[in-house]
Amino acid sequence: MLVTAAYAATAETAEHAAEGSFPPFDGSTFASQILWLVITFGLFYLFMSRVVLPRIGSILETRRDRIAQDLNEANRLKEEADQAFATYEQELADAKASAHEIAQAARDAAKADADAERAKVEAEVAGKLEKAEAEIAAVKTKALAEVDKIAADTAAAIVKQLIGGTVTKAKLTAAVKAAAEGGK
Amino acid sequence: MANDPIHQFQISKLIPIEVGGLDFSFTNSSLFMVATVAAASGFLFLTTSNRGMVPSRMQSISEMCYEFVASMLRDGAGSGGMRFFPMVFSLFMFVLVANLLGMFPYFFTVTSHIIVTFVLAMLVIGTVVVYGFMKHGLGFLNLFVPSGVPGMLLPLVVLIEVISFLSRPISLSVRLFANMLAGHITLKVFAGFVTSLGAMGALGIGGAILPLIMTVALTGLEFLVAFLQAYVFAVLTCMYLNDALHPGH
């Protein structure tokens, strides 16, 4: 409403001002324009510098602080998470190492047991073998000794059968011995 | 009369005030200065009143304005320039909102008057000079003596530097003023073609399509210019403040 009123007023005065100077260079309006510019711009400057700019400045600063704070917090949490992950990895590695150790020990123990068992069994077998060999040797010696006596008896019987006489035992034994030695 | 492209810059008194022979009337220009300040302050104040950690859309526009000007100033004048942040921010927002309000039909464009842009430019240059002498004393005059210039050329170079410094408030104010003025006149002229051609019957209506397209395109361009000129004004302010902070080239 004010604007149209102003326009109407302008149209009215324009009639007689039209042949006057170009409005922007009309010095008669300068004093009024300067005064009102100083008043309005001065108030505007005061309002900006006292109220609006500190307010916007503080809004921006608060936001910047808040963002910086949040970033710090995020960094801190990230570091914590990294730490936890490192601890976890360390523990996992430790567990793996100790598991390996236990397995190795068990394997060693089992191997040692097996070796001991085998050695014992082998020793036992060797003992039995030796004893058996000794028995065999004894039996063989005894048998050989029997063989000489049987040969002598057989020879005595053959001689008695063939020539009807008897031969002294001493002679027979000597003969058998000589034959055995000759046969060798 | 309705097609007079200059008419939109006419200043009319709404509340006549006269003090000591000087005319301090509350005019349509004053009204739009008040509107500019009210719109910019209201927007920035209301959108940030929630102080949301996660900004709403409107709040992020205010924050973007803040960070846009802050990074502009930091890049242009270093971190020492941040003491001028309220001034640069106020200038940027005032010029931007005044330019954008001027894009509404029947609205007055505050920045289309040379005296307004000149006062704003003088505020910048005044700040540069006062702060420069306060901080560096006479060392501020080193601004006009670039290092590494041979002695013979020095007077000439100093003269050029002084002239370029003195022309800064003029170029700063004329750039903004002329852009807004020329843009609005061009828009008005092309829009005037549309109506005057449209009044000439069927053929005229067909012919009016071209200036209509032109008007639409120019409106888009003017929005760009409105932002761009506020940006340029603020960037140059930062550069000049940099001179006050670091006078040695």
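Q: How many aromatic pairs does a search of the whole structure find?
A: In this predicted model, the search finds 20 aromatic pairs over all chains.

Q: Why is the pair of F68(B) and F227(B) called tilted?
A: The ring centres of F68(B) and F227(B) are 6.1 Å apart and the planes stand at 40°. Centres within 6.5 Å make a pair, planes under 30 degrees apart count as stacked and those over 60 as edge-to-face, so the remaining angles are called tilted. The value of 40° for F68(B) and F227(B) belongs to that remaining range.

Q: Why are F68(B) and F227(B) called partly exposed?
A: F68(B) has a relative accessibility of 30%, and F227(B) has 34%. Buried requires under 20% and exposed requires over 50%, so a residue in between is partly exposed. F68(B) therefore counts as partly exposed, and F227(B) likewise counts as partly exposed.

Q: What makes the pair of F85(B) and F89(B) tilted?
A: The centres of the F85(B) and F89(B) rings lie 5.7 Å apart with the planes at 45°, so this pair is tilted. F85(B) and F89(B) are 4 residues apart in helix α3 (residues 85–101) of chain B, a separation of about one helical turn.

Q: Are F85(B) and F89(B) buried or exposed, and how do you know?
A: F85(B) has a relative accessible area of 6%, and F89(B) has 0% relative accessibility. The limit for buried is under 20%, so F85(B) is buried and F89(B) counts as buried.

Q: Which residues do ring pairs link into a cluster?
A: The cluster consists of F68(B), F92(B), F227(B) and Y231(B).

Q: How do you know that the charged end of R55(A) sits over the ring of F45(B)?
A: The charged end of R55(A) is 4.3 Å from the centre of the F45(B) ring. The distance limit is within 6 Å, and the charge must also be within 35 degrees of the ring normal. R55(A) is assigned to a position over the ring of F45(B).

Q: Why is the contact of R76(A) and E80(A) called a salt bridge?
A: The side chains of R76(A) and E80(A) meet at 2.7 Å, N to O. The cut-off is within 4 Å, so the pair qualifies as a salt bridge. R76(A) and E80(A) both lie in helix α2 (residues 30–163) of chain A, 4 residues apart, about one turn of the helix. R76(A) is partly exposed at 40%, and E80(A) is partly exposed at 45%.

Q: What makes D82(A) and K78(A) a salt bridge?
A: The closest N and O atoms of D82(A) and K78(A) are 3.5 Å apart, and the limit is within 4 Å. Both D82(A) and K78(A) lie in helix α2 of chain A. D82(A) counts as partly exposed at 43% relative accessibility, whereas K78(A) counts as exposed at 51%, because exposed means over 50%.

Q: Why do D23(B) and K13(B) qualify as a salt bridge?
A: The N to O distance between the side chains of D23(B) and K13(B) is 3.4 Å, and the cut-off is within 4 Å. The pair links distant parts of the chain, with D23(B) in strand β3 (residues 22–23) of chain B and K13(B) in strand β1 (residues 13–15) of chain B, 10 residues apart. D23(B) is buried because its relative accessible area is 19% and buried means under 20%. K13(B) counts as partly exposed at 47%.

Q: What makes E73(A), R76(A) and E80(A) one network?
A: Salt bridges that share partners join E73(A), R76(A) and E80(A). The structure holds 8 salt bridges over all chains.

Q: Why does Q33(A) count as buried?
A: Q33(A) has 1% relative accessibility, and buried means under 20%, so Q33(A) counts as buried. Q33(A) lies in helix α2 of chain A and touches residues including I11(B), M33(B) and H113(B).

Q: Why is M152(B) called exposed?
A: M152(B) has a relative accessible area of 81%, and exposed means over 50%. M152(B) is placed in the loop between α4 (114–136) and α5 (154–198) of chain B. A nonpolar surface patch of about 660 Å² is made by M152(B), L153(B), L156(B), L159(B), I160(B) and I163(B).

Notes. Residues numbered from 1 in each chain as written. Chains lettered and ligands numbered in written order. Predicted model: local features only at pLDDT ≥ 70, side-chain atom pairs only at ≥ 80, totals over all residues. Heavy atoms only, no water. Patch = residues over 30% accessible without salt bridge, like charges linked within 9 Å, V, L, I, M, F, W, Y side chains within 5 Å. Areas by Shrake-Rupley, 256 points an atom, 1.4 Å probe, with all protein chains shown as cover. Helix = DSSP H or I, 4+ residues; strand = E, 2+ residues; numbered from the N terminus. Buried < 20%, exposed > 50% of the residue type's maximum accessible area, 1.4 Å probe, protein only. Contact = heavy atoms within 4.5 Å. Phe/Tyr/Trp six-rings, centres within 6.5 Å; stacked < 30°, edge-to-face > 60°. Lists of a residue's contacts leave out its neighbours within four places in sequence.
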